[in-house]
Amino acid sequence: MFSHGSESLIKQAREIQESELQKFYCRLVKLLQGKEFGHETMDSLQRLHLILSATKYTRTLPAELQRRLLSLLSSPVEQLQVLSSAVLRETLPLSGQELNYNQENVQLNIHSAALLLSQAGSRADLSSLCAQLLRSLESRQSEGPSYSLTHTLPILNAILTHSPECLTEDHVTLLSKKLVDWLRYASITQGGGASSGGFFTGPRSRQPVPIAELDGTVSGDFFTVLCVGQGFTEDQWMNVYSFSMLHHWLLTYHSAPSGNTLADTDDRSEVDGSVVSMVSATSSSSRLLPPKERLREKAFQYCLRLIEQSDRKALKRTDTELQKACLVEAVCILDCVCVEDTSLVYRTFPCVKALFGRLSSDLTFARVLLPIAQFYLNHGEMAAVDCESVWKLVFGRFPAELFNDPFLAHELLRFLRLNLGSLQLRVPQYPRSFPNLLKFLAWDSPAVVDDFVDLLPSLVTVETAVELLHTLLDLPCLTATLVLQLRSTCSPISEPGGRGLLSLDAFRSPSFRGLFLYLLRAEAGSGDTIDRLSTLHEFLAESADWPRVVQCSQTVPVLLHIFFNTVVTVADEKLLAHLILVMLERSSLLLNLPTYMKEIHRVFSCHLLRLCKLRPSLVVDQSHELLEFAGTTASVYSKEEIYTHVVWALGEYLSVSCDSRCSVTLITSCFETLEAVLFEITSSTPPPGAACPAPRVVTTLISALAKLASRSHDLIPRVSLFLSKLRTVTRAGSVAWCSDEEDLVAIVTRGEELWSLLKTPGVAQSVLTPPPHVTTPQWHRDTNLSMSLQLRTLTSLTHTQ
Amino acid sequence: MVRCFLIHTVCPLSALSAGDSRLLYCRLFAPEDGLLTGQLRELSPEERRLLRMEKAAVVARQVRSAVSLSRDASGRPPMEALPGEEALALQEASSGVVRLRAGDPFSEEMSALWLAVQSLGFTLVCEPHENLLLAEGTLRNLTRHCLEHLHMLGQGSEVLLRSNRIDALLSRLLPHGQLLFLNHRFAQSLEKDVAAYMAK
């Protein structure tokens, strides 16, 4: 599709020499001077466009050429309009010859309008353009082709997007009236000269044929986008264009009470729902309503009609798709209208409720059900309607069964993000639904991880934090399970070839199915994790190279960071202690993916330290488990990162100043545990298959021992003994447990520093176990420090240099 | 409304670095954001155009990486359709949507819907409150027309040499970035018009 030829075309266009370019310009001007424009002119113009658009640096055209191109904008040949507009959009307007936005007599076609829009330099330009367009709408110049009228609405919509103030109050009123006409009162007969057929073509038999519905029956009500005919009249076209922009129009001019520009059109939940409508909604004659309110009423009727029309069985598949899109739009518009005028809620809810009932069991309408959920969220409380069944769908069936639909995922997660406040208030099962919601992430991590970065904090609660942590750590397993689930439904019972055989068999076997079903659960609360997690990991070991699983594993560390950052703000000490235990336990219980374990260990280490720093008494509290972890020599080799941090935490925080429960016995037992490990790793070669212990582990162990000794001085001789032995052994030459000489030197140096420090126990104690006021800097609040700071400040102020 | 429509490469190119994408067609609708809030007023028109093209390039790169990740994950081998098999190519095309955060690169949050047919991606950047169901249908329709009228399953250089056809197509089906609710009759009428243009 994209060939070498295309690449070279672009290259040529970028690298064209200036002289050649000038020659080309001259030739083009000559061509444009002629009366007729043939293929050569078109091709040259197209080539000019390519040359201009191929580079991001703007080229300026010679004035003569630019003038000729401007004149082509109003050429009767459309191709010339298109090409000249495209070329002029890629270059700069001639200085002093900016396009005149106030021209009265130039009839705007869609291509010249595009140029005006793209070169608009200010709000004033856009306002003039608006005024011009509305004038042409009012005067109804019917000489031009029908497009000159129909594309007016799209341009206005484009201007509205950026600058709603370009339309004055009068303009808004005028357009509201026109929109009402087009939406509600478009012709209900077919346009285009359709006749009832037959041999008789006399005027008597040329009766107007009524429009039809999508299922072929004759239409009995006003014209909408879901009506068909052989041909269409102009106002029927305007009906389509009007409806296409209606939602945006209502969002822009009908949401704020005083018609101010809307800062955030998405956050409808913030809009003040107490806007009082001028006339009561039960008014029988809508002709008495002012234009804005009348438009609202007509929009309301249009949407109700669309909802009714969407129940018909369309004859064409594209029309079925359109019906769905119309349902989405209709519900969104009804929502918008009800937010503006809350009295309409009572008229709307029965219809929306009926629609929900009709569609809720059909998953192909899932994307239509999301706007309905938004409607329920916005107005359900006011109408005192039970929304349970809606949430069951949104948090239950949709994630469980449609996790692989990228568009549904995007829209559902967006719905959650925008309504987080309301959901947390009104939907109590929201935080517990994370096992289901995470299925979106497990399936297609790269696409939705951004959404979960925003959503995850709201899912962290005190009751479910531990289960959430386990679920996040097993997210790649969930991915693998979802893959197996899909494969299991699609493929036959026995698969030739054998790919995925072991895990698929396990998934299907009744004895192990429970493990997988736990991962696929819909709600939290049935247990933090399962006992036979290691069995599950074994079965899923072969999924380690499945691309989806790998992609998922790469997003887990990020989410864990967010989890921990959030959980420290809500957790009490008991929960934090539990989390530390989970971290220690799971450090060896993870799906065996190449870099996964290492990354998780890194995250754990970082947060373990943070938790201990935040609540130093945790270390004494959990000393039993931490010592058990630190005493396992195998951890030095398999979990080096975490091990180092646990040892460091023990050395740093196992002291009386951190927690008064810290006894001499505790310090001594910790010392002995660490000492044993240190002896073991420095006296023998590493076990087969393992590399030498990292130097950092050794130095951390030595430092920890020194710190503990400084708090209980009878331990000092033991440390000194070890350190002197270390020095002797290393003087003899290389050792089995350290391969690099520089590392060895560093270790020994550290040992010597500590040894000399420990010769004066008093000093050692204040260096290795500093009192809190030393470690928490006070800066200017500290009378000892502040003197020097004050002097320095005074000096710099008074010193004239 | 739709902010822009892009056609760009989604396959590795020797001339570019690994994650980069070559823009073959780029159409931004409407005045640029930031124009009226004063952010852009200090910039000259050349700088503004440069900014526009950079923004389009950012979107193309993000879609490119989304496409390649999606293709890796699904593990399906890319199919090669021949000219004449446009409908099949469209059916086999992968699709998705990328969330563009506010500021990256547009000042508000946007949704970039993409359709990847073999080595090219077709992207529609929409404001998120837009009807994405309609946008998806419109994108498919546009892609089908591009594939057919520009013979893109062949050599593919017509995208560059006949971009005016895409402009004309967009002026009917997506005028000034406006998504349209077209039933099959309205669509037929517009498509006849498009075909008449292409025949010239």
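1. Helices (H or I, at least four residues) and strands (E, at least two) are DSSP runs, numbered from the N terminus. By that rule chain A has 39 helices and two strands. The model is a predicted one, in which local features need pLDDT of at least 70 and side-chain atom pairs count only at pLDDT 80 or more, while totals for chains, interfaces and linings use all residues; side-chain values use heavy atoms, with hydrogens and water left out. Residues are numbered from 1 along each chain as its sequence is written, and chains are lettered from A and ligands numbered from 1 in the order in which they are written.

2. On the fold of chain A: of its 801 residues, 53% count as buried, where buried means under 20% relative accessible area, exposed over 50% and partly exposed in between (1.4 Å probe, protein chains only). Among contacts in chain A (heavy atoms within 4.5 Å) with a separation of 6 or more, 73% are between residues 24 or more positions apart.

3. On the extent of the interface: chain A contributes 91 residues to the contact and chain B contributes 78 residues. The size of an interface is often given as the accessible area lost when the parts come together. Here the buried area, meaning the accessible area (1.4 Å probe) that two parts lose on being put together, summed over both, is about 7,600 Å² between chain A and chain B, and carbon and sulfur atoms give 59% of that area. M1(A), H162(A) and F407(A) supply 12% of the area that chain A buries against chain B, more than any other three residues.

4. D454(A) forms a salt bridge with R101(B), with the closest N and O atoms 3.1 Å apart.

5. On the make-up of the side of chain A that touches chain B: helix 11 (residues 234-253) of chain A gives the largest share, ten residues. By class, this side has 43 nonpolar, 27 polar and 21 charged residues. Ala, Val, Leu, Ile, Met, Phe, Trp, Tyr, Cys and Pro count as nonpolar, Asp, Glu, Lys and Arg as charged, and the others, Gly among them, as polar.

6. On aromatic pairs: the count over all chains is 23. Rings of Phe, Tyr and Trp (its six-membered ring) pair if their centres lie within 6.5 Å; planes under 30 degrees apart count as stacked, over 60 as edge-to-face and the rest as tilted. F223(A) and F186(B) form an edge-to-face pair, 6.3 Å centre to centre with 75° between the planes. F223(A) lies in the loop between strand 1 (212-213) and strand 2 (227-228) of chain A and F186(B) in helix 6 (residues 184-199) of chain B, so the pair joins two chains. Both F223(A) and F186(B) are buried. Ring pairs link F223(A), F232(A), W237(A), Y241(A) and F186(B) into a cluster.

7. Another edge-to-face pair is that of F349(A) and Y376(A), at 5.1 Å centre to centre and 85° between the planes. The pair links distant parts of the chain, 27 residues apart, with F349(A) in helix 14 (residues 345-359) and Y376(A) in helix 15 (residues 366-379) of chain A. F349(A) and Y376(A) are both buried.

8. Two buried residues of chain A may be inspected. L175(A), in helix 10 (residues 169-184), counts as buried at 0% relative accessibility. Beyond its neighbours within four places in sequence, L175(A) is in contact with L134(A), L137(A), L153(A), L156(A), L167(A) and W249(A). S635(A), in helix 31 (residues 634-638), counts as buried at 5% relative accessibility.

9. On backbone geometry: the peptide bond from D104(B) to P105(B) is cis, with omega near -5°, and P105(B) is in the loop between strand 3 (94-100) and strand 4 (110-117) of chain B. A384(A), a residue other than glycine, has a positive phi near 50° and counts as exposed at 68% relative accessibility.

Note on methods:
Salt bridge = Lys/Arg side-chain N within 4 Å of Asp/Glu carboxyl O.
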